[in-house]
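I want the pockets and cavities, and what lines them.

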Amino acid sequence: MRRAAKAAIVAAGAAAAAAAVERRFIAAPRYRGPITDHFDGERFHNRDPISQSRGSFLKWMMNRNRGHWDDWTDAPFGPPPPRRAGEGELRVTFINHATTLLQLDGLNILTDPIWSDRTSPVGFAGPRRHRPPGIRFEDLPPIDVVLVSHNHYDHLDIPTLKRLRGCNIITPLGNAALMRRHGISATEVDWWESRGPITAVPAQHFCARGMSDRNRNLWSGFAIASRFGNVYFAGDSGWGSHFDEIARRFQPIRLALLPIGAYLPRWFMHPVHIDPAQAVEAHFVLKAQTSIAIHFGCFALGDDGQFESVRDLRAALAANGNPRFWILESGEGRDIPPCD
């Protein structure tokens, strides 16, 4: 009994020490601010409630049915993008995952930039790339603004953001403290709050860097205003009423960047990730002139395979009259047509 009690004390001490390390070095610092309709003073929440039990993640981990991913897809880097796009011009370069380069009205904007090999708190474990970034970091034009939609590792990548220090980084509430821990400065915005032409807009998602910080910081998409037609970057999002509200506030939407990957299994992913068919539905709800698929084909984060999201998107597009919803290759850049 005495030996068992001693072992229990040692185990409890080890668990407490591990929890302290997790809070200090992995978990994001918690946001502190006034109570709002989506912040209760402790945690942020979605306007459309998410119904997921605490045991859902463990159930998924114990019953995974992973789709196929090629071990590595080697591909040449795309050409260097132009230095600027002029007033009224809009060009997008799909780098891969949720990383895009938006060039409009003389501004160069990066979304959720990640050039790292893994989406993880450590460099030797965690989801890894299955293909290289579409363009070399060194081939980027001067970057004016970096948009970081939330603190998941595949969207808020500290090594890449360190390389972008000095740029104007805009992120939802609470994430700047995490960046400051690593010597990176950022400007925080709440939903519907603007900095210049950029407005943070709601998304149906969640935040966490570790085990103890779920929803301590905010998540969002972004709208970029232009008198030649607006741009919407969804970040990560499940289906919700926010698509209708964004459509009402930001017409005309010249371009929408909509995620299509990490959508399986649906019973687990549907509250926080739209599937390809819902991406097509969002295109219509938003009344987007052009949409482009993001968040696919690079990191295996759900049970969908490497090519399933594109296959399902093409089927959904065909079933809905093939609207202008483009699937770009990594590193491909295209000029976006003007609004009709």
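**Pockets and cavities**

I began with the second largest pocket, which has a volume of about 330 Å³. Ser120, Pro121, Val122, Tyr153 and Arg209 are the closest to its centre, out of 20 residues that line this pocket. Housekeeping: the model is predicted, so I note that local features need pLDDT of at least 70 and side-chain atom pairs count only at pLDDT 80 or more, while totals for chains, interfaces and linings use all residues. Residues are numbered from 1 along each chain as its sequence is written, and side-chain values use heavy atoms, with hydrogens and water left out.

My terms, once: on a 1 Å grid over the protein atoms alone, a cavity is a set of points where a 1.4 Å probe fits but cannot get out, a pocket is an open set with protein on both sides within 12 Å along at least five of seven lines, and lining residues have an atom within 4 Å of a point. Volume is the space filled by probe spheres set on the points, with grid points joined across faces, edges and corners.

Back to the second largest pocket. The largest share is three residues, from α3.

Next, the largest pocket. I have its volume down as about 1,700 Å³. Its lining runs to 48 residues, with Phe57, His152, Phe206, Ala208 and Arg214 nearest the centre. Two or more lining residues come from each of α1 (2-26), α2 (56-62) and α6 (266-269). Here α2 gives the largest share, four residues. By class I get 21 nonpolar, 17 polar and 10 charged.

How many cavities of 30 Å³ or more does the structure hold? I found two. The largest cavity has a volume of about 80 Å³. It has 15 lining residues, and Trp69, Ala262, Phe296, Phe299 and Asp304 are the closest to its centre. Its lining has six nonpolar, eight polar and one charged residues.

The second largest cavity comes to about 30 Å³. Ala75, Pro76, Phe77, Arg131, Pro132, Pro133, Gly134 and Ser330 line this cavity, and I class them as five nonpolar, two polar and one charged.

How values were computed: Nonpolar A, V, L, I, M, F, W, Y, C, P; charged D, E, K, R; others polar.
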